[in-house]
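Here is a friendly walk through one protein model, written for someone who likes to check coordinates along the way. Please keep the viewer open while you read.

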Amino acid sequence: ALHHPFTAPNPNDMGDLKSARALAYDLVYNGVEIAGGSLRIYRRDIQQQVFESVGISKEKVCCSLCGNLASTILRRGSLSGNST
């Protein structure tokens with residue numbers, strides 16, 4: 001899940017986020033990758049755990065790393081305003 005800190009970790013790997021697998025996918029046609037993507041983290045508690053596991057403090061995220069988007073996620077819990 002270290003693909004980037006916004007990719008959702010596999011729920012079975014929450015005990016060790018540094019080696020967690022990402023919830024990501026690739027679309028392959030005739031052996032050629034034609035698309036890919038990943039599920040994003042939408043829960044504040046999981047996002048904070050992932051940031052902490054890669055050494056990024058909440059303060060650093062809010063102040064400099066990702067600007068308004070990360071600040072909104074950490075403050076409100078998600079972009080939709082749900083705090084679950």
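## Salt bridges and their surroundings

At a relative accessibility of 15%, Asp 13 counts as buried, because that value is under the 20% cut-off for buried residues. Keep in mind as you read that this is a predicted model. The side chain of Asp 13 meets the side chain of Arg 21 in a salt bridge, with 2.8 Å from N to O.

How many salt bridges does the structure hold? There are 2.

## The chain as a whole

Let us step back to the overall layout. The protein chain has 3 helices and 2 strands, and from the N terminus on its elements run β-β-α-α-α. Of the 84 residues in the chain, 29% are buried. The accessible surface comes to about 5600 Å², and carbon and sulfur atoms hold 52% of that area. Among the contacts with a separation of 6 or more, 45% are between residues 24 or more positions apart.

## The hairpin

Now to the strands. S1 and S2 pair in the antiparallel sense, over 6 bridges. Within this pairing, Val 28 stands opposite Glu 33 in S2. The hairpin has 2 residues between its strands. Asn 30 lies in that loop between S1 and S2, and it has a positive phi of about 50° although it is not a glycine. Is Asn 30 buried or exposed? Asn 30 is exposed, with a relative accessible area of 68%.

How many of the 6 residues of S1 are buried? The count is 0, so S1 is hardly covered. A nonpolar surface patch of about 430 Å² also belongs to this part of the model, and Leu 27, Tyr 29, Val 32 and Ile 34 make it up. Strand S1 (24-29) and strand S2 (32-38) are the elements that give two or more residues to the patch. As background, side chains in a regular strand alternate between the two faces of the sheet. Val 32, one of the patch residues, has its place in strand S2. At 49% relative accessibility, Val 32 counts as partly exposed, because residues must be over 50% to be called exposed.

## Helix H1 and what follows

Which residues of helix H1 (residues 44-53) are buried? They are Ile 46, Gln 47, Val 50, Phe 51 and Ser 53. These residues cover an arc of only 165° around the axis, and therefore they sit on the same side of H1.

After H1 comes Gly 55, whose phi is positive, near 85°. Ile 56 lies in the loop between H1 and helix H2 (58-65). With a relative accessible area of 16%, Ile 56 is buried.

## Links back to the start of the chain

Ile 56 and Pro 5 are 51 residues apart in sequence, and their C-alpha atoms are 9.6 Å apart in space. His 4 and Val 50 are 46 residues apart in sequence, with 9.6 Å from C-alpha to C-alpha. Val 50, as noted, is one of the buried residues of H1.

His 4 is found in the segment before S1 and counts as partly exposed, at 24% relative accessibility. Which residues does His 4 touch, not counting those up to four places away in sequence? His 4 touches Ser 38 and Arg 40.

Notes
Residues are numbered from 1 along each chain as its sequence is written. This is a predicted model: local features need pLDDT of at least 70, side-chain atom pairs count only at pLDDT 80 or more; totals for chains, interfaces and linings use all residues. Side-chain values use heavy atoms; hydrogens and water are left out. Patches are made of residues with over 30% relative accessible area and no salt bridge: like charges are joined within 9 Å, nonpolar side chains (Val, Leu, Ile, Met, Phe, Trp, Tyr) within 5 Å. Accessible areas come from the Shrake-Rupley method with a 1.4 Å probe; for residues, only the protein chains shown count as cover. A salt bridge is a side-chain nitrogen of Lys or Arg within 4 Å of a carboxyl oxygen of Asp or Glu. Helices (H or I, at least four residues) and strands (E, at least two) are DSSP runs, numbered from the N terminus. Buried means under 20% relative accessible area, exposed over 50%, partly exposed in between (1.4 Å probe, protein chains only). Contact means heavy atoms within 4.5 Å. Two strands pair if DSSP finds at least two bridges between them. The arc is that of the directions from the helix axis to the C-beta atoms.
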